[in-house]
Amino acid sequence: MENPIIIIGAGLAGWTAARELRKLDKTTPVLLITADSGDFYAKPSLSNAFAQKRGPAQLVTTPAASMAHSQQVTLLAHTRVTAIDTASQTVRTSAGDFTYAKLVLATGAQPIRLPMAGDAASAVLSINSLQDFSVFHARLTRGAETDQAATAQKHVVIMGAGLIGCEFANDLISSGFAVSVVDPSSNPIGALLPAGLGEQLREALASQGVAWHFGTTVQAVNHLAERSGALTVQLANGQTLQADVVLSAIGLRADLELARASGLQCERGMVVNTSLQTSAANVYALGDAVQYAGGRTMPYVMPIMHAAKALAATLAGRPTQVQFPLMPVAIKTPALPVVVAPAEPGTVGQWAQSGPGVWLFTDETQAVKGFALSGSHTSRRAELVKRVV
């Protein structure tokens with residue numbers, strides 16, 4: 001019997017790799033192993049679900065069984081991979097051992113969790129999956145059936161003013177919740193946006209009701225004795241906030257536990273070449289857990305789509321190198337829509353505003369290497385892409 005291509009991980013990367021492969025190869029057996037249910041959903045939808053009035057069940061676009069049937073994939077859901085032997089090309093799991101012809105690792109990333117004090121530190125939530133969102137949604141909507149007004153006044157403290165933190169802040173404030181955001185920097189999404197645009201986003205969300213706490217961090221989270229389920233949040237600057245939910249959105253870290261234990265070369269992610277092969281023969285990787293050629297990590301949707309197409313061709317017998325075009329990122333903050341195409345890491349240059357709602361990142365020769373757009377000017381994305389060299 002022919003050994004299958006085994007894919008580990010049923011997120012966007014894993015399922016897209018399977019789907020792209022099936023466009024080219026209808027017969028090679030594919031075994032997809034995942035620790036969760038395997039249901040297909042768009043992870044970016046997690047950060048604007050409340051505004052769209054969509055609960056966890058409504059976010060599933062295709063149930064796991066339907067995905068497996070349509071892609072002719074054997075699915076092992078709720079199954080843990082415990083080890084990989086790259087010499088014998090064997091995957092050891094909680095459901096037994098399986099030998100692969102080729103292996104694809106799409107293990108994703110895990111939320112960064114900072115240590116903090118307090119008897120409710122373990123109550124701080126992170127959202128990186130549908131299951132995580134289900135817990136968050138249940139916490140915020142508890143009691144809605146009997147006291148909708150009280151539920152609407154619930155207060156969420158968000159740790160982190162990065163892209164995900166700002167998207168959740170906009171989603172929650174527009175859905176009637178009170179929102180405070182805590183971040184040690186001076187402006188939102190400082191790692192991606194020029195300072196002027198960050199200030200505009202800060203003001204736009206503040207005008208919607210978001211309370212910013214910049215230049216400080218959360219030190220402790222404790223239960224509030226006077227009110228069941230409520231929390232007190234102690235900031236490093238001495239301020240104390242009360243909250244119903246504390247959400248940590250300080251970033252993701254590539255999930256490399258399995259890869260490292262298997263002897264694969266890892267740095268910030270699993271190191272792959274331009275064909276997406278890891279340091280082991282017949283083992284490939286894509287998605288949030290990967291460090292692509294040139295040392296880049298790209299935790300966004302479009303890089304996954306391009307990588308999956310190239311990898312599918314390679315797996316189908318046509319060795320193909322992945323080529324990433326310029327891929328602007330649309331930030332889901334309706335209070336001030338933003339599109340940003342950052343320069344490649346290591347590019348020396350600076351941001352400057354070139355007109356209303358338009359910022360350009362230029363290098364030492366004044367060549368345009370990146371751009372950012374806000375408000376109605378986000379419609380100029382295609383025009384600006386052509387200017388980047």
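This is a predicted model: local features need pLDDT of at least 70, side-chain atom pairs count only at pLDDT 80 or more; totals for chains, interfaces and linings use all residues.
Visitor: Okay. And how far apart are the end C-alpha atoms of H4?

Guide: They are 16 Å apart. That agrees with expectation, because 12 residues at 1.5 Å a residue should span 16 Å.

Visitor: Which residues of H4 are buried?

Guide: Leu-130, Phe-133, Phe-136, His-137 and Leu-140 are.

Visitor: Where do they sit around the axis?

Guide: On the same side of H4, because they cover an arc of only 115° around the axis. As a general point, an α-helix has 3.6 residues a turn, so residues three or four places apart point the same way.

Visitor: Let's switch to rings. How many aromatic pairs are there?

Guide: The count comes to eight. One of them joins Phe-50 and Phe-133 edge-to-face, with 5.9 Å from centre to centre and 65° between the planes.

Visitor: Where in the chain are those two?

Guide: In distant parts, 83 residues apart. Phe-50 is in the loop between strand S3 and helix H2, while Phe-133 belongs to helix H4.

Visitor: Is Phe-133 buried or exposed?

Guide: Phe-133 counts as buried, because its relative accessibility is 0%. Phe-50 has a relative accessible area of 10%, so Phe-50 is buried too.

Visitor: What does Phe-50 form with Phe-177?

Guide: Another edge-to-face aromatic pair, with the centres 5.5 Å apart and the planes at 80°. Phe-177 lies in the loop between helix H6 and strand S12, so this pair ties together parts that are 127 residues apart in sequence. Phe-177 is buried, as is Phe-50.

Visitor: Which residues make up the aromatic cluster?

Guide: Phe-50, Phe-133, Phe-136, Phe-168 and Phe-177 form one cluster.

Visitor: New topic: what sits over the ring of Phe-40?

Guide: That would be the charged end of Arg-19, 5.4 Å from the centre of the ring.

Visitor: Last one, on strands. How do S7 and S8 pair?

Guide: In the antiparallel sense, over four bridges. S7 covers residues 90-93 and S8 covers residues 96-99. A hairpin of two residues joins S7 to S8.

Visitor: And which residue in S8 is the bridge partner of Thr-90?

Guide: Thr-99 is its partner there.

Note on methods:
Residues are numbered from 1 along each chain as its sequence is written. Side-chain values use heavy atoms; hydrogens and water are left out. Two strands pair if DSSP finds at least two bridges between them. Rings of Phe, Tyr and Trp (its six-membered ring) pair if their centres lie within 6.5 Å; planes under 30 degrees apart count as stacked, over 60 as edge-to-face and the rest as tilted. Buried means under 20% relative accessible area, exposed over 50%, partly exposed in between (1.4 Å probe, protein chains only). A charge sits over a ring if NZ of Lys or CZ of Arg is within 6 Å of the ring centre and within 35 degrees of the ring normal. The expected span of a helix is 1.5 Å times one less than its number of residues. The arc is that of the directions from the helix axis to the C-beta atoms.
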